[in-house]
Amino acid sequence: MGMNIIYIILGTLAFAICAPVLGCLLAGVDRKISARMQGRVGPVLLQPYYDVRKLLGKENASVNATEGVYVTCALVFTLLAGGIFVSGGNLLMSVFVVALSALFFIMAAYSTRSPYAEIGAARETLQVMAYEPMVLFMAVGVYMALGSFNVATLTWAAAPIITDTWAIFVGFLFVLTIKLRKSPFDLSYSHHAHQELVKGITTEMSGSTLAKVEVMHWCENILFLGWVAMFFVWSNPLSWVLAIAVALAVYFLEIWIDNNFARVKWQLLLKSAWIVAIVLGGVNIAVLAYW
Amino acid sequence: MAIIGFLILFPLVSAAALLCIRHNLARRVVVCVSAAAIVAASIALVAAYFGYAAAFEFSSVAIDYVCTGLSVVITACIVYYGIRYRNVWAVMLALVQFVAVIVLEYLFAHDIHEKIGIYLDPLTLVMALIIGIVGSGICVYALGYMDDFQAQHSGQKDRRPVFFALMFLFLSAMFCVVFSNNLLWLFTAWEVTTVCSFLLIGYTKTEEAMKNAFRQIIMNLLGGLAFVAALFFIVVNCKTLSFAVFLQMGVSRPDLVVLPVTCLAFAGLTKAAQMPFHTWLLGAMVAPTPTSALLHSSTMVKAGVFLLIKLAPIFYCSASSASILAAIPSLMVILVGGVTFAFCSALAISQSNAKRVLAYSTVANLGLITACAGVGTPEAVWAAIFLVLFHAVAKSLLFLCVGTAEHHIGSRDIEDMDLLFERMPRLARFMMLGIMCMFIAPFGMLIAKWATLVSFVDTHQVALIILLAFGSAATFMFWAKWLGKLAGVAGLPPNQEEGTHRSEWVSIGLMAMLALGCCVTLPLISSYVVEPYLHYLFGGIALRGEAFTAGISSSNLWIASLAAAIIFIVLFAGLGTTKARKVDVYLAGVSVDNSGRTFRDSLSAERTATARNWYMEGVFGEEMIAPIGTICSALVIIIAFAVSAISLPGLI
């Protein structure tokens, strides 16, 4: 038992160091590719890093004393969720801790009482509600295919779990767009300029608080891509290459979707995410349970 | 044994005393002393019988006569109110039930003498702690609350003696429910809780209160009738009045007890306010808040799920029985519980009345407990017990907070709780703790839900997995937006916490400590209380002599426990001052007043921005989805009864 907790602590430290670096690079690539898709040159690869460094140097000003604490909690729990995942820990626990981090982020926005931030927070809550069933089905599907929630079990699996859970995988890709806050599902806040809510959930966040949000976002992206890669890992060491390639391809697909679809209304977001969850997730789980 | 007697009889003595006392200070003393005595006795009971399961040879003809006497009193009470308020159904059901009970006791069960009247096991100990500590805490809270209540309703007659007497009578009846092995005693106590809650719901005697009280009594009398029907079957076919013996028979031959188990499960479902009977619990919120807290957390509905959890081993064995019919009660309980969880969680989204949100959340969580009991595997029962425990402490905390907030801000609407974080800083933090305990990792309820999910997956309950996933998503929505409302901070509005009674703070603090204590010590409770119980319960059937392992590994439980402690510290110590320069929020103009959200727009006119939470009535409104859930679960129950009637030997 003690060892298990030590692994999680080590995993969290490793994740806290590596994920921001990888996530920052990923964000840079994202901006580069998006620019190319829009016929622009785009900023340099390290632009996201320069942005965050500048934010960290800004004056310490905020609308209240609590917002920053909540955001820090959100960041810490994102790192913990990543740590649980990369140390081969319990996938469901990782999912729950991500939800906790999302809750703190939502509370940070609500605490400002800015109408724009509040609407952004309400939409973020809706988004969590929209993707949560599918994310739970994803974890359940992994458990049923693998016989354990422990991610470490993957490394001695005889075959990648994608063979049993491809419908769940497709469903998960659908809600991944919400989790990555990509258009058409970027209701709560968007990296694009065309946002009707000022800056949505982050409206009142500035300086180092906003920098933390950015870093959190990078880490989340890495964690979610880790969940994608997980479907393609089995006992063969070479499978890691395949898994990383798939994760990158999925991210490219998300960038393409981001640049080609207009934002939808919340009704469509909720309805489509839940229908996808019940059809792809429900059917896949039924198949795993009864056949 | 003496402690059990004390726990059942002492609240009765207190109730009798409180009924006579009209002086406020004397009542205060009696309530506080009695509550302390009950808390001490329930802790002493746990200390004395920690980890044991014991049965006590205790039978007395006198008690049987007392039970008959109580039946007469109960019936007389319902008939009196039924005639006075012209409610034919209540009168008819009460009379039918009375005749049935008398016939059962004197014609059928007359020769059966059950020697083992009282028993206890770790589950009853957990229940005793919940009833003893949470229940008495609520009684103490009621002291201050009812003072305010009486002051606000000064035109009405002071009926507080009756109120407090009923509260303690309720506790006594609940202790009787969890300790009785004699089914007739159990049934009598069961009916006493029904009548107590009837009287408490109708306390204000307004038209609405009486209407809701009668709805409660009619639904629970239906459950009571089903209970009597089960007793007839058990007496005639099993020739026993012992709950333990009946459970054993059920475990060895679940196909022979399909009808009585269906009837008992139905009684449990009505008492646990499962769809389609959830409306009685929603109606119960017209009562003063301590009543709601008592009904929702430690008594009444918990009696319903307690009965269902007791039946869990039969549900477990029925799944592997040769007869398909044997699984009927289990399927009924699973489906009704699952549907109730998903629908009531979704319904809570559309509510802005805090007590109504709490009521829907209670019904939903009871649904989850019900579904776990129906699944019946050791892992599911582990989850069910923890759901009962955490729900009791967190929900009572929330009700007490809402009650106090209501008296200070004059509203129980969540929209009016805007800025509560500053207006009532201590209370808002307690409320936030309660809300977090209800729905988010790493707090207890979510850990229990996690175990629930694992048990559903292990037993391949696909329908339940789906209902659980969507219900949990809805749960996140309605709690998170309430939490957000509480978290708002702007300027320094006047503190409205002044004048909160000390008794209220004591009880709220007690509940908060209990909630946090249970979250942090969850791994210990699991390994020292719940796991031995499951071993005792399932050792011979599901576990086949092997040790029980929970669906969640102990290292994960410890991580959750640690994280809960950290969040608690952040909530109560970390949210303070900052060195940052304070700036105004963005309001599409120059801010004038941040807490009022007023700003000067581009034409120099003062404007006020407003923001409300999101209730999505068009998707989750009561008239949109409540009928679906009601019809689905009603159909399930009707079909289950029809099919289990077929199983009656000799019918076909």
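How many bridges join β4(B) to β5(B), and in which sense do the strands run? Three bridges join them, and the strands run antiparallel. The legends below take up this pairing and other close-up views of a predicted model.

**View 1. The three-stranded open sheet of chain B.** The strands follow the order β4-β5-β6 in chain B, with antiparallel pairing. The edges are formed by β4 (590-593) and β6 (606-608) of chain B, each of which pairs on one side only. On average, neighbouring strands are turned by 35 degrees against each other, direction ignored. Thr598(B) has Thr608(B) in β6(B) as its bridge partner. In a regular strand, side chains alternate between the two faces of the sheet.

**View 2. The side of chain A that touches chain B.** In total, 55 residues of chain A are in contact with 48 residues of chain B. On the chain A side, the elements that give two or more residues are α1 (2-37), β1 (61-62), α3 (67-86), α4 (91-112), α5 (115-146) and α9 (266-290). The largest share, 17 residues, comes from α5(A). By class, this side of chain A has 37 nonpolar, 13 polar and five charged residues.

**View 3. Strand pairing between the two chains.** β1(A) is joined by two bridges to strand β3 (residues 581-582) of chain B, and the two strands run parallel. Ser62(A) has Lys582(B) in β3(B) as its bridge partner.

**View 4. Helices α5 and α9 of chain A.** The axes of α5(A) and α9(A) come within 10 Å and cross at roughly 10 degrees. The two helices, α5(A) and α9(A), are therefore roughly parallel to each other. On α5(A), the residues making the contact include Arg123(A), Leu126(A), Tyr131(A), Met134(A) and Phe137(A). On α9(A), they include Trp266(A), Leu269(A), Trp274(A), Asn284(A) and Ile285(A). The residues of the contact of α5(A) with α9(A) divide into 19 nonpolar, three polar and one charged.

**View 5. Helices α6 and α7 of chain B.** Two packed helices are described by the angle between their axes and the distance between the axes. Helix α6 (residues 160-179) of chain B packs against helix α7 (residues 183-201) of chain B at an angle of about 155 degrees, with the axes 8 Å apart. This angle makes α6(B) roughly antiparallel to α7(B). Their crossing, of α6(B) and α7(B), is left-handed. Among the contact residues are Leu166(B), Phe170(B) and Met174(B) of α6(B), and Trp185(B), Trp190(B) and Thr193(B) of α7(B). By class, the contact of α6(B) with α7(B) has 15 nonpolar residues, one polar and no charged.

**View 6. Helices α2 and α5 of chain B.** Helix α2 (residues 24-48) of chain B and helix α5 (residues 122-152) of chain B have axes 9 Å apart and pack at an angle of about 165 degrees. That makes α2(B) roughly antiparallel to α5(B). α2(B) passes α5(B) in a left-handed crossing. The contact includes Arg28(B), Cys32(B), Ile38(B) and Ser42(B) of α2(B), along with Leu125(B), Gly132(B), Ser136(B) and Leu143(B) of α5(B). The contact of α2(B) with α5(B) has 15 nonpolar, three polar and one charged residues.

**View 7. Cys20(B) in helix α1.** Cys20(B) lies in helix α1 (residues 2-20) of chain B. Cys20(B) counts as exposed because it has 10 C-beta neighbours inside 10 Å, where the limit for exposed is 12 or fewer. From Cys20(B) to Ile38(B) the separation is 18 residues in sequence and 20 Å in space, C-alpha to C-alpha.

**View 8. Leu400(B) in helix α16.** Leu400(B) lies in helix α16 (residues 378-409) of chain B. With 32 other C-beta atoms within 10 Å, Leu400(B) is buried. Not counting residues up to four places away in sequence, Leu400(B) touches Tyr141(B), Ala293(B), Glu504(B), Ser507(B), Ile508(B) and Met511(B). Phe430(B) is 30 residues from Leu400(B) along the chain, and their C-alpha atoms are separated by 9.8 Å.

Technical notes: Residues numbered from 1 in each chain as written. Chains lettered and ligands numbered in written order. Predicted model: local features only at pLDDT ≥ 70, side-chain atom pairs only at ≥ 80, totals over all residues. Axes fitted to C-alpha atoms, helices over the stretch in contact; angles between N-to-C directions. Helix = DSSP H or I, 4+ residues; strand = E, 2+ residues; numbered from the N terminus. Parallel < 35°, antiparallel > 145°, perpendicular 65-115°, else oblique. Left-handed = near helix turned anticlockwise from the far one by under 90°. Contact = placed C-beta atoms within 7 Å. Nonpolar A, V, L, I, M, F, W, Y, C, P; charged D, E, K, R; others polar. Pairing = 2+ DSSP bridges. Buried ≥ 20, exposed ≤ 12 C-beta atoms within 10 Å, placed from the backbone.
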